[in-house]
Amino acid sequence: QVQLAESGGGLVQPGGSLRLSCAASGATLDYYVIGWFRQAPGKEREGVSCIGTSGDSTKYADSVRGRFTISRDNAKNTVYLQMNNLKPEDTAVYYCAASARIVIATMIGYEYDYWGQGTQVTVSS
């Protein structure tokens, strides 16, 4: 069983940047597809980005494409989400999730088995 812990959230002004980290313990992430999801108050959880096991396959939601970059460092057992040019609508709790069952990255939440507790990102002036 793998445990996931997000970090790196905080308060940032519009146009600013944050880098979120998803650190795994209890198991290696080498064979896990990783997804980033977010949920804003009163909104459904939505997929943000996901990455394949080797890091070569990535996907992004239309709302973040060109601004966010997902990456992974399997040696460090960590996945990152670099968020640039942040907008107020990016405000949400961000979660990372892992799946060992799927072979390609997807932003469908139920395909993921393990979830972190989330980290708050607030974009406001």
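Modeller: Buried means a relative accessible area under 20%, exposed means over 50%, and partly exposed lies in between. Please keep in mind that this is a predicted model.

Colleague: With those cut-offs, is Tyr32 buried or exposed?
Modeller: The relative accessible area of Tyr32 is 12%, and the limit for a buried residue is under 20%. Tyr32 therefore falls in the class called buried.

Colleague: Which geometry do the rings of Tyr32 and Tyr114 adopt?
Modeller: A pair of aromatic rings is described by the distance of the centres and the angle of the planes. For Tyr32 and Tyr114 the centres lie 6.2 Å apart and the planes stand at 70°, while planes over 60 degrees apart count as edge-to-face. The pair is therefore edge-to-face.

Colleague: How many residues apart are Tyr32 and Tyr114?
Modeller: Tyr32 lies in the loop between strand S3 (18–25) and strand S4 (33–39), whereas Tyr114 belongs to strand S10 (residues 114–115). The pair thus links distant parts of the chain, and the separation is 82 residues.

Colleague: Of Tyr112 and Trp115, which form an aromatic pair, which residue is buried?
Modeller: Their rings are edge-to-face, with 6.4 Å from centre to centre and 70° between the planes. Trp115 has a relative accessible area of 27% and is therefore partly exposed. At a relative accessible area of 4%, the buried residue is Tyr112.

Colleague: Which residue has its charged end over the ring of Phe37?
Modeller: Phe37 is linked by ring pairs with Tyr112 and Trp115 into a cluster. A charged end also sits over the ring of Phe37, 5.8 Å from its centre, and this end belongs to Arg45.

Colleague: Finally, how far from the ring centre of Tyr80 is the charged end of Arg19?
Modeller: A charge counts as sitting over a ring within 6 Å of the ring centre and within 35 degrees of the ring normal. The charged end of Arg19 does sit over the ring of Tyr80, and its distance from the centre is 5.4 Å.

Conventions: Residues are numbered from 1 along each chain as its sequence is written. This is a predicted model: local features need pLDDT of at least 70, side-chain atom pairs count only at pLDDT 80 or more; totals for chains, interfaces and linings use all residues. Side-chain values use heavy atoms; hydrogens and water are left out. Rings of Phe, Tyr and Trp (its six-membered ring) pair if their centres lie within 6.5 Å; planes under 30 degrees apart count as stacked, over 60 as edge-to-face and the rest as tilted. Helices (H or I, at least four residues) and strands (E, at least two) are DSSP runs, numbered from the N terminus. Buried means under 20% relative accessible area, exposed over 50%, partly exposed in between (1.4 Å probe, protein chains only).
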